Amino acid sequence: MASRIAAPSLTQLIRGERGRIKLSDENAMMKQIYATHTPDGREVDVKPLFQLVEDILSRASPAVDPLFLTAQTRVETWDDKTQQASFIAMLEALSFTIDRVACEITYKSSSGEDAHATTLSIFNQLSYFPWEAKLVITLAAFALSYGEFWLLAQIYSSNQLAKSVAILKQVPVILEHSASLKPRFDALNNLIRAMTDVTKCIIEFKGLPSVYISHDAAPLVTAMAHIPTAVYWTIRAVIACASQISSLSSLGHEHALMSSTNETWELSTLAHKIKNILDLLNNQLALCYQYIEEKMNLETYQMLLNLLEGVQIDNMKLLKALIYAKEDLQPLLDGSTKRRVNLDVLRRKNVLLLISSLDFPRDELSILEQIYNESRVHATRMEYEIVWIPIVDRFAEWTDPLQSQFETLQTTMPWYSVYSPSLIEKPVIRFIREVWHFRNKPILVVLDPQGKVVSPNAIHMMWIWGSTAFPFTSLREEALWREETWKLELLVDGIDPTILSWIKEGKYIYLYGGTDMEWIRKFTTTARAIASTARIPLEMVYVGKSTKREQVRKCTTAITAEKLSYCWQDLAMVWFFWTRLESMMFSKIQLGSTVDVDPMLREIKKLLSYDKEGGWAVLSKGSFVFVNGHSSSVLPTFNEYDAWKEYVPSKGFDMACFDYHNNLRPDARPCCRFEFSSTVGRIPDTMKCPECLRNMEKYMAFLCCHDESTINALI
């Protein structure tokens, strides 16, 4: 057989070159590459061409390669894509260039020229093209020979022409020894995969939206500085792969087997370098996408601000911006039918946006549902819809338990809800937190039919007046307060009809609270004894405490067993009493009221403050509240009944008690204290004491109430 032309080994191509590159400055090498780069401004959409090349490289894989398997699902679309006129025109324009580069690669990878010189020659041929086009054209040129080799390997057994050509290229002989050459083939496939990944990444940089990331943006500037080097080494890798195919065809399996170990190692080394480059580019690409996301989020946030300030014909623009702007899916779940619906069901309606985390208090949800269902009875008079917007941490992993928690909560709601928390975008969450002051505690933002915010948080109105507060505007809130006075109905309305009947009967009614059973026994026993002496009809109601649920439960059990007074056995009623009271304070503060000009707010604050410091009592005759005092003043007033009982016949029991209590100066007067949870949205900057009207000091506090239900849940 005629002597063969000795093709250089990959070891020679890379190892012989490496010494020179290491000894010289790599910057000088890249200066050579930059000197060849003289783009003429032509724009080449290389993405379709790359997809075709990627398909060839993936299908032209020896044996069963994962890359080949993943290609099966995406190639079916090529029959349509390759027929497109623009794509055909692009191929016609580039075919000559691709053939020239293919010839250059084939000839020089067989002639012994070193890889850098061959790469430099290719860069000279492609000097007028942008960096990504240089790389894709070179890959396309390589795909011609690589695809031809493996096409013959795949069909030569069933096609006589392919068989003859395959024999000429020694393909059957090589395949007979494929098992021995498998490590080399695997290394080759690994390198080709790295080459295509780098190319795909570089093309992705080209496709970044310039409207959100300019060429002078820091992450893109850094990436662009690395792309020439990435293109250079990827084309170097193409030369290395081409030399493999050339050596297999020209030198045969014997030479291939002898040099297999070294060749495999060199291919793996080059793949490692390409992958390092890919990691660097991927990091920069991630930074670019982060930069773009921040720009898009800022744009969305500003759009929401503009929508709030502008005048709209209906509420659709704002609702779409808040919930979901596209038309490709139905973003709401109808709580009554459990079917998905479009946002159009809310068009030109009063919409209450119920915003909360997934930790929605059960009592709160239950009472809100009761109010909502009652409003449906009067639907013709009160046209409003509630939409639950769940707010979750978008940076935290969304787990199955969280999904289950969300679905459980969603199924209990009779109103509309956002189908999935993932629909609520990050800038919307930022807007809700910063503009509407959401801090995880549920809020109820009210939109009128034109999408205007008429109440930043109507949850307080809902707790105080229920659906009577419709349409839940700030003006309606002010009007409702003008109708109210400091009376017992304000505290217990909508909670217990028994107390309301006592009020109608004109009985003396004492509400009291706290968890000190010793004080409770003394108070109830003394109060009942004085009522008997004064011959007044008395009813007493224990309303617990705003916190320490388990201690309240124990006190309720003891009071009932000892028959000290009437109690609310359902602790949801206790919760609602204190929630309504807190809502009264927040409603007043939201409207700008202060204790020095609003006597009703002063009494509300007193009661909330007493709850933090021991026991307390509110004494009333019918609806008239004549004492709102702390345990340190109420019990001494009763203990000193002999000192004021002479005024009862002339003033009446209520006014005599009122005068004596107000003139009493208890020895241990408690500090006035308010605690605001960090989950509360709007916390006032300053507050005046409801007792002395001086400005209160502000502290940061950490609190643990040792609630046994919480402790048991953790055990």
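A crossing of two helices is termed right-handed if the near helix is turned clockwise from the far one by less than a right angle, and left-handed if the turn is anticlockwise. In the predicted model examined here, the crossing of helices H2 and H7 is right-handed. These helices, spanning residues 26–36 and 115–125 respectively, pack with their axes 8 Å apart and at an angle of about 25°. H2 is therefore roughly parallel to H7, because angles under 35 degrees are assigned to that category. On the H2 side, the contact is formed by Met29, Gln32, Ile33 and Thr36, and on the H7 side by His116, Leu120, Phe123 and Asn124. Four of the residues in this contact are nonpolar and four are polar, while none is charged.

The overall architecture of the protein comprises 29 helices and 12 strands. Of its 715 residues, 50% are classed as buried. Among contacts with a separation of 6 or more, 73% are accounted for by residues 24 or more positions apart.

A further helix pair was examined in the same terms, since two packed helices are described by the angle between their axes and the distance between the axes. Helix H3 (residues 47–59) and helix H8 (residues 131–155) have axes that come within 8 Å and cross at roughly 30°. This angle makes H3 roughly parallel to H8. The crossing of H3 with H8 is left-handed. H3 contributes Leu49, Phe50, Val53, Ile56, Leu57 and Arg59 to the contact, and these residues meet Val136, Leu139, Ala140, Phe142, Ala143, Tyr146, Gly147 and Gln154 of H8. Classification of the residues in the contact of H3 with H8 gives 11 nonpolar, two polar and one charged.

Helix H22 (residues 517–534) and helix H26 (residues 631–639) also pack against each other, with axes that come within 9 Å and cross at roughly 35°. H22 passes H26 in a left-handed manner. The contact brings Trp519, Lys522, Phe523, Thr526, Ala527 and Ile530 of H22 together with Ser631, Val634, Leu635, Phe638 and Asn639 of H26. Seven nonpolar residues, three polar residues and one charged residue make up the contact of H22 with H26.

Backbone geometry was considered next. Most residues other than glycine have a negative phi, and most peptide bonds are trans. A cis peptide bond, with omega of about 10°, joins Phe470 and Pro471. Pro471 is located in the loop between helix H18 (459–465) and helix H19 (474–483).

Positive phi values occur at residues including Arg348 and Lys548, neither of which is a glycine. For Arg348, phi is near 55°, and this residue is placed in the loop between strand E2 (339–341) and strand E3 (350–356). For Lys548, phi is about 55°. Lys548 lies in the loop that links strand E9 (538–542) to helix H23 (549–562). The relative accessible area of Lys548 is 27%, and the residue is therefore classed as partly exposed, because this category lies between the limits of under 20% for buried and over 50% for exposed residues.

Conventions:
Residues numbered from 1 in each chain as written. Predicted model: local features only at pLDDT ≥ 70, side-chain atom pairs only at ≥ 80, totals over all residues. Heavy atoms only, no water. Helix = DSSP H or I, 4+ residues; strand = E, 2+ residues; numbered from the N terminus. Buried < 20%, exposed > 50% of the residue type's maximum accessible area, 1.4 Å probe, protein only. Contact = heavy atoms within 4.5 Å. Axes fitted to C-alpha atoms, helices over the stretch in contact; angles between N-to-C directions. Parallel < 35°, antiparallel > 145°, perpendicular 65-115°, else oblique. Nonpolar A, V, L, I, M, F, W, Y, C, P; charged D, E, K, R; others polar.
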